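Visitor: Please take a close look at one part of this structure. I would like to hear about its salt bridges.

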Amino acid sequence: MALKITSRFRRLLQRPGSIDLGPYERLSQLVLEAEESVEPLTDEELTESVSELRTTGGLHEDEQIEFLALARDAARRTLGESAFDGQIVGALAMLQGRVVEMATGEGKTLAGAFAAAGYAVGGRKVHVLAVNDYLARRDAEWMAPVYELLGVTVSHVGQASTPEERRTAYQAEVCYVPVSEVGFDVLRDRLVNDVSERVTTEPDVALVDEADSVLIDEARVPLVLAGATRTEELDDDVVQIVRTLRAGVDYEIDGDGRTVALTDRGTDKVEKAFGERIAVPEADATEDVADASDDVDETGADAEDKDAEDKVEVEAAPPSVNLYDDENLDRLTQINVALHAEVLLRKDVDYLVRDGKVSLINNNRGRIAKLQRWPDGLQAAVEAKEAVPVSDSGEILDSITVQALIKGYKSLCGMTGTAVVVGESLQEFYDVEVAVVPPNKPNVRKDDIDRLYLTVEQKNVALVEHIAEVHETGRPILIGTHSVEESEQLSDRLEAAEIPHVVLNAKNDAEEAAIIAEAGVPGTVTVSTQMAGRGTDIRLGGKDETHDKDKAIELGGLYVIGTGLHASRRLDDQLRGRAGRQGDPGGSLFFASLGDELVVRYSVSSGLRPHPDKAGRLTDRKSIGMLDHAQRVADGANAELHRTTWQYHRLTGQQRSILLATREEVLTEDLAATELSERVKEKYDELVEEHGEDKVKDAARRIALHHLDRRWTDHLAYLADLREGIHLRSLAGGIVHMKPIDEFNKSAIASFDTLIADAWKDAAETFAEASITDAGLDEAASGVPRPTATWTYLVNDNPFGTEADRILGRLRNAIRPQSGAEAEEILPEKFDEDELPEELRDVDEADLPEELRAADDSDDEDDVKDSKK
């Protein structure tokens, strides 16, 4: 009842929320009634009944009722599971294009299988988009008996699937596939020279598992197809020089921790170091830098360093190098990239070194991102930093964002445990609504109020003490951390406290199913990074519910502890949702501190005078309110990043569609032969007479495809460079402010206007000189070779920070105003010292965490700089 009232109020206010489930609930009752007539059927008769429903126009309402009755009985026969009313409601909502919110343990997988099979019986092809290989394979194999009894073909695709296996899998009516894999297959299919090389089918229905994570969190991540061109070797001198630079002296990090830049002194130091390497042999130069680094470590005093540098100048007088000369721009780029890798990218947080390779960590999932790498030389810089072999690099042949990929499907639906929070974004970007399905049994989980501490260390001490206290009772505990580094640090503390535990992070993610499945056993303490998308149910008493389930219930069920709040309350809820499954008892508690990254980065520290107790815990309204404020600001910043990224990619997507339409004509028709026979008629006729028309048409097609692809590759490179510097161009408008996105679109359109015409011109020139024999086109001799190798990966969009980061910076400035007047205009909440009780106004500045003191100091310095202007 409460859910229905809330839903009505949301609709009245035109705010995103759950749609009215009334119609679906009525239909679900009809499904249960219809099942009575299904139960007497044999398996063969059930399959035949489904076959009689098959159509090419989709199932109508009456047909959906009959089909779901058959599907529910098929699940009972094959899996021994009788679907809950909520699972039927969820399936109905997905069949009508909704994103369904169902709590963990409520049977999303089976509901999704019902919906996918329903679409298939209605004549549609369905891709069930999973977040990883494990879930795609597990769910396809788990649900296979249901699909088989319903007469629906099912398959799955994984990273190890061969092209032929992929081609066969995509022909199935329902294909479970990781979203990244289908994206990579789409990219590869766009560059084939023959229709027979394609593996995918035309996108039709996308049913997205973990929909909020895929559609929102990963939506702006570009999937990239690259062609081999070179290995990006990073000059060892660059690595050695960067390691001698000091924070706050030779380089400065911006307030967001996303960009780093040399200071004037740092630039001078780098130029001098390069000058020394020009003047002396390579080995001596490396030794000098190492010695200089040792001096820095021993003294640490700026005055002594300066004296030492002056002395070197007098004795050696090395030639000076200007990093900003044209001939040194590549070296300057290497310095900046190496500095970014050295300072901003952290081992065991952003990446792991495993098996002699640098592997990125997916921050949304806490797993190794096997196909992910950094662009623009950053990958090579990190590999050089960690002294592992540098991997091949290459040029981007094509790319597509997850959002653009999803929008290519004719129909979209999905399921997740947390959707309402991102309902507005789902409507804005995908035009889909959310349907919240109530749990089969009421949720009795007890969620305690967040515990806030002054410093990170005080939080960690209290965290371990609380874990020890709960563990003594025998209650199963699941602890969620934010990174591999944090999970291992917590593990060390638990070991010191003699608390037995298991750790699940990116270093042992292959064991995740076994670890998570047993997290509900009494006495178990499980530490995990990023529980979202793990896909494994946590049952009290273990996977088979035979390990003291009654005791686990008596102790209060699974107890979830968060070591810190996430950037979105939605992610907190995903972790909490692991407890209280299907009416089981459970509990949750989150710890936080004023020194946590979320608070330091997104909150207002000015005006707040915390008054902690002896343990460092804060309970006043202002401090607690700051946590919620920080999360809301972070959510808004990430939404703006998503919106801005989509704006930049939208035009590129439209241009790609135009190019692909031309490419499709070249690939499947005789457009290339028609064009080139007109542009180079004599040569064309001569070759036809000599080698036959089929050979010449094939050569014309391959040449035209090469130049279309070549021009598109160059266009993508131009757009990447354009986007990096477009904010500078927008500043050149003088009094009239030019929006960066408008300037970007203007330049991108101008660049694309002649792209196809130029490609035909290039193709004609190549065709006139092409080497064509009875065996066909000699691609290498004709100057149209295909890449010697291609590979796919994901990139972190603009890791160095571009316009999206400047938007985030402006948001941060908005929540850290320089005047009281600005605070009145911008802040929804103000932390005014005058509003604090008198006993909280006299807290000494030294009581603040170091991170907040540093933030305040930097703000003061900015104020001084502004006053000087």
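Guide: What follows goes through the salt bridges, pair by pair. This is a predicted model, in which local features need pLDDT of at least 70 and side-chain atom pairs count only at pLDDT 80 or more, while totals for chains, interfaces and linings use all residues. Residues are numbered from 1 along each chain as its sequence is written, and side-chain values use heavy atoms, leaving out hydrogens and water.

Side chains of opposite charge can pair when their charged atoms come close. A salt bridge here is a side-chain nitrogen of Lys or Arg within 4 Å of a carboxyl oxygen of Asp or Glu. The structure holds 44 of them.

One of these joins Arg 166 to Asp 185, with the closest N and O atoms 3.0 Å apart. Arg 166 sits in helix H8 (residues 163-170) and Asp 185 in helix H9 (residues 179-189), 19 residues apart; helices are DSSP runs of H or I, at least four residues, numbered from the N terminus. Both Arg 166 and Asp 185 are buried, where buried means under 20% relative accessible area, exposed over 50%, and partly exposed in between (1.4 Å probe, protein chains only).

Asp 217 and Arg 570 form another salt bridge, at 2.8 Å from N to O. This pair links helix H10 (residues 211-217) with helix H23 (residues 569-576), 353 residues apart. Asp 217 and Arg 570 are both buried.

Glu 693 and Lys 697 pair at 3.9 Å. Both lie in helix H28 (residues 693-730), four residues apart, about one turn of the helix. Glu 693 counts as partly exposed because its relative accessibility is 42%, and Lys 697 is partly exposed at 26%. Elsewhere, salt bridges with shared partners join Asp 194, Asp 698, Arg 701, Arg 702 and Glu 779 into one network.

Key:
Helix = DSSP H or I, 4+ residues; strand = E, 2+ residues; numbered from the N terminus.
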